[in-house]
Amino acid sequence: MVDNGKAGPGESGLFNRIAVLRAERGVSRQDLADVLGVNYQTIGFLERGDYGPSLKLAFAIAEFFKLPIEAIFATEPFRLLSEQVYGSAAGTKGLRGGGGR
Amino acid sequence: MRAELVLMGRRLDMARRARRRALVVWIYAALAGLIAAVWSLSHWHGSGAYIIWAALIACRFFLGGYYRGGLVKPFQYRRPMREDAAPSLPALKLRMYRPVLASDEAGMRNDERELHQRDRAHYLAYQAMGMAVVLLALVASMRTVLPPLRAWIRMPADELYYGLALITLTLFLTLPQAILMWTEPDMEQGQGIVSRE
């Protein structure tokens with residue numbers, strides 16, 4: 001989930017990138033929870049996709065990460081970040097060839 | 001929901017769902033035992049209120065929901081009242097007195113997920129209580145319609161209905177919290193602290 005920036009839809013039916021964004025910026029669950037005014041357990045539920053946030057909370061998360069809401073939440077699985085940055089061919093080549101070929 | 005139960009000054013880790021479920025089983029076993037004991041000893045004569053008191057004590061110290069104590073945060077958040085008077089000596093000795101700190105107040109407030117869980121637990125609990133009321137009505141009508149059943153259930157009608165009403169009231173006081181404790185998954189111990197290299 002965290003390694004490719006995708007969270008399963010879980011019970012909420014939403015995919016999100018909260019875990020990867022949080023890891024990228026070195027923010028703990030507790031820090032994020034304090035800023036958003038929720039319990040840190042709720043951040044875990046959000047990251048696993050087990051809880052779909054209210055519109056207000058989703059906007060607060062987007063505001064915190066300074067990203068548009070659709071960059072964090074989606075109803076379809078997110079593309080791998082490596083694919084998005086380097087293109088799909090580069091992403092799979094890297095995986096298959098180990099960078100040697 | 002809180003991950004720790006504070007009992008007589010001791011902190012008990014209740015992050016694991018298995019522990020919370022065991023506590024729920026123990027509480028209901030104790031309440032069932034008390035109901036059976038009270039009925040067999042006094043047939044509710046002046047003693048039915050003890051069951052309600054026991055349910056309230058279970059809420060106060062273990063389940064929560066209505067008080068500061070217990071695992072479930074207060075359903076209806078109200079800012080705790082500040083008391084100017086010093087706590088009583090027995091309260092201090094029994095370690096029942098806990099000053100309300102500003103940090104505690106944040107921990108007492110339910111966030112939107114917890115409010116959602118609370119509402120769902122109440123919905124499930126009201127369904128169970130509806131079943132209890134249906135059972136009450138069914139027993140009442142069966143005893144009227146089928147006289148042999150009256151002989152089979154030896155308990156006098158008023159004792160039977162009073163007992164069922166007590167059970168329904170006990171469920172009303174405790175079941176939403178019990179459902180929350182039963183269904184909430186294991187809590188993560190670490191708070192997801194990440195560090196940059």
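User: How many residues of the lining of the second largest pocket are nonpolar, polar and charged?

Analyst: Three of the lining residues of the second largest pocket are nonpolar, five are polar and six are charged. The model is predicted. Its second largest pocket has a volume of about 320 Å³. Of the 14 residues that line this pocket, the closest to its centre are Glu11(A), Phe45(A), Asp50(A), Arg113(B) and Gln117(B).

User: Which helix gives the largest share of the lining of the second largest pocket?

Analyst: Helix H5 of chain B, residues 112-145, gives the largest share, with four residues.

User: Which residues line the largest cavity, and which element gives the most to its lining?

Analyst: The lining of the largest cavity consists of Met1(B), Val72(B), Lys73(B), Phe75(B), Asn110(B), Arg113(B), Glu114(B), Gln117(B), Arg118(B), Leu180(B) and Glu184(B). H5(B) gives the most, with four residues. By class, the lining of the largest cavity has four nonpolar, two polar and five charged residues. Arg113(B) and Gln117(B) line this cavity, and both are among the residues closest to the centre of the second largest pocket.

User: How does one read the size of an interface, and what area is buried between chain B and chain A?

Analyst: The accessible area lost when the parts come together is often quoted as the size of an interface. Here, about 1,600 Å² is buried between chain B and chain A, and carbon and sulfur atoms give 46% of that area. The side of chain B that touches chain A has five nonpolar, four polar and eight charged residues. The contact takes 17 residues from chain B and 22 residues from chain A.

User: How many salt bridges and how many residue pairs in polar contact lie between chain B and chain A?

Analyst: The count of salt bridges between the two chains is zero, while six residue pairs are in polar contact, both residues at pLDDT 80 or more. Over all chains, the count comes to nine salt bridges. One of these joins the side chains of Glu47(A) and Arg29(A), at 2.9 Å from N to O.

User: Why does the pair of Glu47(A) and Arg29(A) tie together parts that are apart in sequence?

Analyst: Glu47(A) lies in helix H3 (residues 40-48) of chain A and Arg29(A) in helix H2 (residues 29-36) of chain A, so the pair links parts that are 18 residues apart in sequence.

Definitions and conventions
Residues are numbered from 1 along each chain as its sequence is written. Chains are lettered from A and ligands numbered from 1 in the order in which they are written. This is a predicted model: local features need pLDDT of at least 70, side-chain atom pairs count only at pLDDT 80 or more; totals for chains, interfaces and linings use all residues. Side-chain values use heavy atoms; hydrogens and water are left out. Contact means heavy atoms within 4.5 Å. Buried area is the accessible area (1.4 Å probe) that two parts lose on being put together, summed over both. A salt bridge is a side-chain nitrogen of Lys or Arg within 4 Å of a carboxyl oxygen of Asp or Glu. A polar contact is a pair of N or O atoms within 3.5 Å; within protein, one must be able to donate a hydrogen and the other to accept it, and residues adjacent in sequence count only if both atoms are side-chain atoms. Ala, Val, Leu, Ile, Met, Phe, Trp, Tyr, Cys and Pro count as nonpolar, Asp, Glu, Lys and Arg as charged, and the others, Gly among them, as polar. On a 1 Å grid over the protein atoms alone, a cavity is a set of points where a 1.4 Å probe fits but cannot get out, and a pocket is an open set with protein on both sides within 12 Å along at least five of seven lines; lining residues have an atom within 4 Å of a point. Grid points are joined across faces, edges and corners, and a volume is the space filled by probe spheres set on the points. Helices (H or I, at least four residues) and strands (E, at least two) are DSSP runs, numbered from the N terminus.
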